[in-house]
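Take a look at the chain below. The paragraphs that follow walk through it part by part.

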Amino acid sequence: MLRILRSGQKWIVAHQVRKMSSQNLPTLPQVLEKLREFAPESLAESWDNVGLLIEPATPKSISGILMTNDLTEEVLREAVNGKVDLIISYHPPIFESLKRITQSSWKQRIVAKCLEQGIAVYSPHTAWDSVRGGVNDWLGEFLEKEYGKGQPIVPNQDVPDCGAGRIYQCAGQSGLTLADIISGLKRHISTPDQHVPVALVHPLAHKVKSVALCAGSGWSVLKGLKAELFITGEMSHHFVLDANHSGSSVILTNHSNSERNFLPTFKKHLEKSLPEVTVTVSVTDRDPLTLDTL
């Protein structure tokens, strides 16, 4: 009888600890507050669709977060298997209006599955691009030792130190060579063994005095800017020709390769802000474009 009582007491204590642990976990609104402290959604471009995109009907605590650049069905399976409560998808999986939620398209299936599994989805996109310490600052981080802190190309009207793109400039005879910038960029975005598309109007040994960059598809930000080098994820054939004819060399990385490796950096920030929550970066998320192996 005594052993049974003690066993029951131990079970009660363990049960109480588990209950207390669950109570200490943040709610979805509390997690969203932390995300907005880093990058208010007001920093996003007016055309963008940022913020909480999928909210399950039943409120629950957030014990696990999965971060991804793109929310694909493969990434969603990873989230379900990992039993996460929130997916932070840098690119919004819902951008254009959905008129129905069925199984007929992959984006509709993602929404249906998230609601079925009780998984919330938050997308920061251009708010993270704009904010200091965000995606564009990360992309240009390898340039700072030589060029100093990059400045927004299109400053935000309310927060001028934030904004779209970054431009880096140096004076005198200093500056990195084009060859150094290409190799440094590939190391920084973790593609050191891959070739990147370049359209150069300067020799590789040329020391670059000004670099303008914009993560993702950056021509709308870079267009008309006077800089010796443009770095972005993707650019159309005709825009590349326009850049070259204006005197700017171009380096492209593939769209999401200019963004994805910011996630491990933000993971550290989120773990400090939410120490009770398990934060992981997707291992299945990848740029859809690769080099052929023929």
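In what order do the 5 strands of the open sheet run? The order is 7-9-10-11-8, and the pairing is mixed. Keep in mind that this is a predicted model. Strands of a sheet pair through backbone hydrogen bonds, either parallel or antiparallel.

Strand 7 (166-169) and strand 8 (198-199) are its edge strands, and each pairs on one side only. Strand 8 has strand 11 (residues 249-252) as a partner, in the antiparallel sense, over 2 bridges. Within strand 11, Ile251 is the residue that stands opposite Val198. A helix lies against this sheet too. Helix 10 (residues 237-245) packs on it and touches strand 8, strand 10 (229-234) and strand 11. The directions of helix 10 and strand 11 make an angle of about 145°.

Now step back to the whole chain. The protein chain has 294 residues, and 47% of them count as buried. Its secondary structure comes to 11 helices and 12 strands. The C-alpha trace spans about 85 × 50 × 45 Å along its principal axes. How much of the contact pattern joins residues at least 24 apart? Among contacts between residues at least 6 apart in sequence, the share is 67%.

Next, turn to strand 2 (residues 64-68). Is strand 2 mostly covered or mostly open? Strand 2 is mostly covered, with 5 of its 5 residues buried. Its residues point two ways. Gly64, Leu66 and Thr68 point one way, Ile65 and Met67 point the other way, and all are buried.

Strand 2 has partners to look for. It pairs with strand 12 (residues 278-281) in the parallel sense, over 4 bridges. There, Thr278 is the bridge partner of Gly64. Strand 2 also pairs with strand 3 (residues 86-89), again in the parallel sense and over 4 bridges. In strand 3, Ile88 is the bridge partner of Met67.

Thr68 lies in strand 2. Why does Thr68 count as buried? Its relative accessible area is 0%, and buried means under 20%. Leave aside its neighbours within four places in sequence, and Thr68 is in contact with Val75, Ile87, Ile88, Ser89, Tyr90, Leu263, Ser282 and Asp285. His125 gives another reference point. Thr68 and His125 are 57 residues apart in sequence, and their C-alpha atoms are 11 Å apart in space.

Finally, visit two loops. Which residue between helix 8 (178-188) and strand 8 is found in the loop there? That residue is Ser190. Ser190 is not a glycine, yet its phi is positive, at about 65°. Ser190 is partly exposed, with a relative accessible area of 45%.

Asn254 sits in the loop between strand 11 and helix 11 (262-273). Its phi is near 80°, a positive value in a residue other than glycine. Asn254 has a relative accessible area of 21%. Asn254 therefore counts as partly exposed, because buried means under 20% and exposed over 50%.

Technical notes: Residues numbered from 1 in each chain as written. Predicted model: local features only at pLDDT ≥ 70, side-chain atom pairs only at ≥ 80, totals over all residues. Heavy atoms only, no water. Buried < 20%, exposed > 50% of the residue type's maximum accessible area, 1.4 Å probe, protein only. Contact = heavy atoms within 4.5 Å. Pairing = 2+ DSSP bridges. Axes fitted to C-alpha atoms, helices over the stretch in contact; angles between N-to-C directions.
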